[in-house]
Amino acid sequence: MPLLLSLPTILSAAKEVFGVGATLYAYVGKLRDAARQNAEWTDAQDAAFAEQVRQAGLDPAWQPRSR
Amino acid sequence: MKHLLALLCLVLTGCATLQPGADPLVVRCQQAEATAFATFDTFVHLVADHETKVRATVPAAYTFAEWLRAKGPDGTPRGLAMISSLGNVRRAYAASRTPEHKASLVSALAALQAAVAESQRHLTALQPAR
């Protein structure tokens, strides 16, 4: 998966700069989980993911700063 | 760094064989949706948590975060709308596996993967102010 190949650079740069190791460890874990998926989601899993994405839209970090 | 490399090995070797009956394209899209959500969410949170510094030192990353956060007509941030859109196209394809649906799915998948790659490119650009 090509997207994963740049991770060493991403992790070393971002961790060094911002001290955000925990955030990035969590990120790697999520990527690992996605890579390990070997079956189609159930309807319940699909709905849960869609709801997770919808809820993220309410997070302050996702609000645009400029109008 | 050793721990990071160990985690990366898990990521890079963790791809499993598909279960019988699973459509590879559907699973690939679901993996892309999960990867995109993890990437975008991590990126916008990092930018939000260090907004002043990012804005001053990595303006292109800040601009891209704003692009992801920009709201569409229904109020959904663009990055999340792209993930939801791929999910909608994927479900349409799963319900009716026509060549047209497949083409739409491949196109939506490519668009999302491009945005993820751009997010990761900006993550690598998070460098300290010198």
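Leaving aside neighbours within four places in sequence, Thr39(B) is in contact with Val116(B), Ser119(B) and Gln120(B), a contact being a pair of C-beta atoms, placed from the backbone, that lie within 7 Å. The model is predicted, and local features need pLDDT of at least 70, side-chain atom pairs count only at pLDDT 80 or more, and totals for chains, interfaces and linings use all residues. Residues are numbered from 1 along each chain as its sequence is written, while chains are lettered from A and ligands numbered from 1 in the order in which they are written.

Thr39(B) and Ser119(B) are 80 residues apart in sequence, yet their C-alpha atoms are 7.0 Å apart in space. Thr39(B) is buried, because 25 other C-beta atoms lie within 10 Å, where buried requires 20 or more such atoms.

Thr39(B) belongs to helix α2 of chain B, helices being DSSP runs of H or I with at least four residues, numbered from the N terminus. The axes of α2(B), residues 24-49, and α6(B), residues 99-124, come within 10 Å and cross at roughly 30°, and the two helices are therefore roughly parallel to each other, the term for angles under 35 degrees. Among the residues that make this contact are Ala36(B), Thr39(B) and Phe43(B) of α2(B), and Leu112(B), Val116(B) and Ser119(B) of α6(B).

In chain B as a whole, the pattern along the sequence is α-α-α-α-α-α. Buried residues make up 38% of its 130 residues, and of the contacts in chain B with a separation of 6 or more, 60% join residues 24 or more positions apart.

Methods: Axes are lines fitted to C-alpha atoms, for helices over the stretch in contact, and angles run from 0 to 180 degrees between N-to-C directions. Angles under 35 degrees count as roughly parallel, over 145 as roughly antiparallel, 65 to 115 as roughly perpendicular and the rest as oblique. Two residues are in contact if their C-beta atoms, placed from the backbone, lie within 7 Å. A residue is buried if 20 or more other C-beta atoms lie within 10 Å of its own, exposed if 12 or fewer, and partly exposed in between; C-beta atoms are placed from the backbone.
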